[in-house]
Amino acid sequence: MSSSPPTTLIVIRHGETVWNQEMRFQGHGDSPLTVHGRAQAHALGKRLCAMPIDSLLCSDLGRTRETAAIITEYTGHTIQLEPRLRERHYGVLEGLNATEILEQHPGVYQALITENPDYEIPGGETHRQHYHKNTSVLEAWANENPGTTTAFVAHGGVLENFFRFVTHLDLDQPRCVLPANASLSVIQYGIFYGSPRWVIKTWGDAAHLESLEDAGRH
């Protein structure tokens, strides 16, 4: 059995944005972090500076770049932009909330909620296309950087795809994970249970945000 250390990925969802707060589809569209979202990113940076991270990759969208920039104030890493870590492209739905989508694109909404992984949103992409784009980064990074620890700053949909990949959950199954903004999840590739495989070590860890939530309740 190999004694080589596993490859570790700390996958982070960006801090809360204005569109998150307004319940709008973001996709490749963008909105800035809220004041609370920036506070979340600072709390995350303080936690990550105590972790042995070799490098930091980031989706090239604005909300992840803003989150990563705050994190690196604490960790000192250089941000490496990776477009394949983008959120799914939601095409005509981007910038709209559920009420507006039902009014303007009722057919698109009905098709989207069928969970068909090959449904292509007008002006956007399919879930399957997005999944393969995201997981290609996961596989390539693990193959090319064995034994390292890397932080990925990404999106809720990217985290969902990573969860499906590691757990072998089919794309036509309903979404079953909802990581909080600025939470972190840890997945590893190495020898586990006697054979090489991906495993989930931690999922949706938001312990560093508890003080912010406590402050909001007082």
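## Helix H2

At 1.5 Å a residue, the 14 residues of helix H2 (residues 35-48) should span 20 Å, and the end C-alpha atoms of H2 are 20 Å apart, which agrees. The expected span of a helix is taken as 1.5 Å times one less than its number of residues. Helices (H or I, at least four residues) and strands (E, at least two) are DSSP runs, numbered from the N terminus. The buried residues of H2 are Gly37, Gln40, Ala41, Ala43, Leu44, Gly45 and Leu48; buried means under 20% relative accessible area, exposed over 50%, and partly exposed in between (1.4 Å probe, protein chains only).

The model is predicted: local features need pLDDT of at least 70, side-chain atom pairs count only at pLDDT 80 or more, and totals for chains, interfaces and linings use all residues. Residues are numbered from 1 along each chain as its sequence is written, and side-chain values use heavy atoms, with hydrogens and water left out.

## The sheet

Six strands form an open sheet of mixed pairing, in the order S3-S2-S4-S1-S5-S6; two strands pair if DSSP finds at least two bridges between them. At the edges are strand S3 (79-81) and S6, each of which pairs on one side only. Neighbouring strands of this sheet are turned by 25° against each other on average, direction ignored. Axes are lines fitted to C-alpha atoms, for helices over the stretch in contact, and angles run from 0 to 180 degrees between N-to-C directions.

Strand S2 (residues 55-58) pairs with S4 in the parallel sense over four bridges. Leu57 has Phe152 in S4 as its bridge partner. Helix H3 (residues 62-75) packs on the sheet, where H3 touches S1, S2, S3 and S4, and the direction of H3 makes about 160° with that of S2. Contact here means heavy atoms within 4.5 Å.

## Helix H7

Helix H7 lies across S1, S4, S5 and S6, running at about 145° to S6. The twelve residues of H7 should span 16 Å at 1.5 Å a residue, and its end C-alpha atoms are 16 Å apart, which agrees. Eleven of the twelve residues are buried, so H7 is largely enclosed by the rest of the structure. The buried residues include Glu160, Asn161 and Arg164 as well as Phe162, Phe163 and Phe165. What covers the buried residues of H7 includes S1, H6, S4, S5 and S6.

## Nonpolar cores

A nonpolar core is a set of buried Ala, Val, Leu, Ile, Met, Phe, Trp, Tyr and Cys residues joined through side-chain atoms within 4.5 Å. The largest has 19 residues, of which Leu9, Phe152, Phe162, Ile187 and Trp198 touch the most other members. Strand S1 (7-13), helix H6 (127-144), strand S4 (149-154) and H7 each supply at least two residues of this core. A second, separate core of 16 residues includes Ile71, Ala151, Val186 and Leu209.

Not counting residues up to four places away in sequence, Trp198 touches Leu9, Leu138, Ala142, Phe165, Val166, Ile187, Gln188 and Tyr189.

## Residues with positive phi

Most residues other than glycine have a negative phi, and most peptide bonds are trans. Ala182, with phi near 65°, has a positive value in a residue other than glycine. This residue lies in the loop between helix H7 (156-167) and strand S5 (184-192), and Ala182 is buried, with a relative accessible area of 0%.

Tyr193 is not a glycine, yet has a positive phi of about 55°. Tyr193 is found in the loop between S5 and strand S6 (195-205) and counts as exposed, at 75% relative accessibility. Just after H7, His168 takes a positive phi of about 60°.

## Salt bridges

Ten salt bridges are found in a search of the whole structure, a salt bridge being a side-chain nitrogen of Lys or Arg within 4 Å of a carboxyl oxygen of Asp or Glu. In the one between Asp60 and Arg86, the closest N and O atoms are 2.6 Å apart. This pair links distant parts of the chain, 26 residues apart: Asp60 is in the loop between S2 and H3, and Arg86 in the loop between S3 and helix H4 (98-104). Arg86 is partly exposed, with a relative accessible area of 25%.

Arg84 forms a salt bridge with Glu82, with the closest N and O atoms 3.0 Å apart; Arg84 is partly exposed at 32% relative accessible area, whereas Glu82 counts as buried at 13%. The side chains of Glu125 and Lys133 also meet in a salt bridge (3.0 Å, N to O). Glu125 counts as buried at 6% relative accessibility, and Lys133 as partly exposed at 30%. Glu22, Arg24 and Glu100 are linked in a network of salt bridges.
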